[in-house]
Amino acid sequence: MKIYFCGSIRGGRQDVHVYQRIVHTLQTYGSVLTEHVSSAELNDSGENGTVEGDRDIHDRDIDWLRQSDVVVAEVTQPSLGVGYELGRGIDMKKKILCLFRPSSGRRLSAMIQGAADGEQFVVTDYSEDEVEKVLERFFTSMKQS
């Protein structure tokens, strides 16, 4: 299974430790095409700040999104890029899981929460200590459907 993981890069890297935990768990379910999102080496400047570099990143990531079987997004830290990836994933008819931590004190965007249909686009509140169980439930339900 090919998994596309979304998490904030230029929108802020405060949750990188959470991304690492998620990606580590996702690797037990398949190949994570975007594991670099969880790298502590990556800061909020992103991979490359040039227009040409940004185009390359966009095209590479959209190619990975097309290849993926499923999308998992950590959406607690607001990110324009993650929102864009989710919209493209919906258009591509990808199965999508969005993970949100209410303990952050933030409110999830209505555009994400309102898109949830419980089947193709799933939004789940979670706490960091239960992320493995949340992912297990999601991937088990995928196998059953």
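This is a predicted model: local features need pLDDT of at least 70, side-chain atom pairs count only at pLDDT 80 or more; totals for chains, interfaces and linings use all residues.
How do the residues of the lining of the second largest pocket divide into nonpolar, polar and charged?

1. The lining of the second largest pocket divides into 10 nonpolar, 5 polar and 3 charged residues. The space in this pocket amounts to about 190 Å³. It has 18 lining residues, and Val75, Pro78, Ser79, Ser109 and Ile112 are the closest to its centre.

2. Helix 3 and helix 4 (110-113) each contribute at least two residues to the lining of the second largest pocket. The largest share, 5 residues, comes from helix 3.

3. The largest pocket has a volume of about 580 Å³. Its lining comprises 24 residues, with Ile57, His58, Asp61, Gly81 and Glu85 nearest the centre. By type, this lining consists of 10 nonpolar, 9 polar and 5 charged residues. Strand 1 (2-6), helix 2 (51-67) and helix 3 (80-91) each supply at least two of the residues.

4. The length of helix 3 agrees with expectation, because its 12 residues should span 16 Å at 1.5 Å a residue and its end C-alpha atoms are 17 Å apart.

5. Val82, Glu85, Leu86 and Gly89 of helix 3 are buried. They lie on the same side of the helix, because they cover an arc of only 100 degrees around the axis. Leu80 and Asp91, on the other side of helix 3, are exposed.

6. At the start of helix 3, a side-chain oxygen of serine 79 comes within 3.3 Å of the backbone nitrogen of glycine 81. Just after the helix, lysine 93 adopts a positive phi of about 65 degrees.

Notes: Residues are numbered from 1 along each chain as its sequence is written. Side-chain values use heavy atoms; hydrogens and water are left out. On a 1 Å grid over the protein atoms alone, a cavity is a set of points where a 1.4 Å probe fits but cannot get out, and a pocket is an open set with protein on both sides within 12 Å along at least five of seven lines; lining residues have an atom within 4 Å of a point. Grid points are joined across faces, edges and corners, and a volume is the space filled by probe spheres set on the points. Helices (H or I, at least four residues) and strands (E, at least two) are DSSP runs, numbered from the N terminus. Ala, Val, Leu, Ile, Met, Phe, Trp, Tyr, Cys and Pro count as nonpolar, Asp, Glu, Lys and Arg as charged, and the others, Gly among them, as polar. The expected span of a helix is 1.5 Å times one less than its number of residues. Buried means under 20% relative accessible area, exposed over 50%, partly exposed in between (1.4 Å probe, protein chains only). The arc is that of the directions from the helix axis to the C-beta atoms. A polar contact is a pair of N or O atoms within 3.5 Å; within protein, one must be able to donate a hydrogen and the other to accept it, and residues adjacent in sequence count only if both atoms are side-chain atoms.
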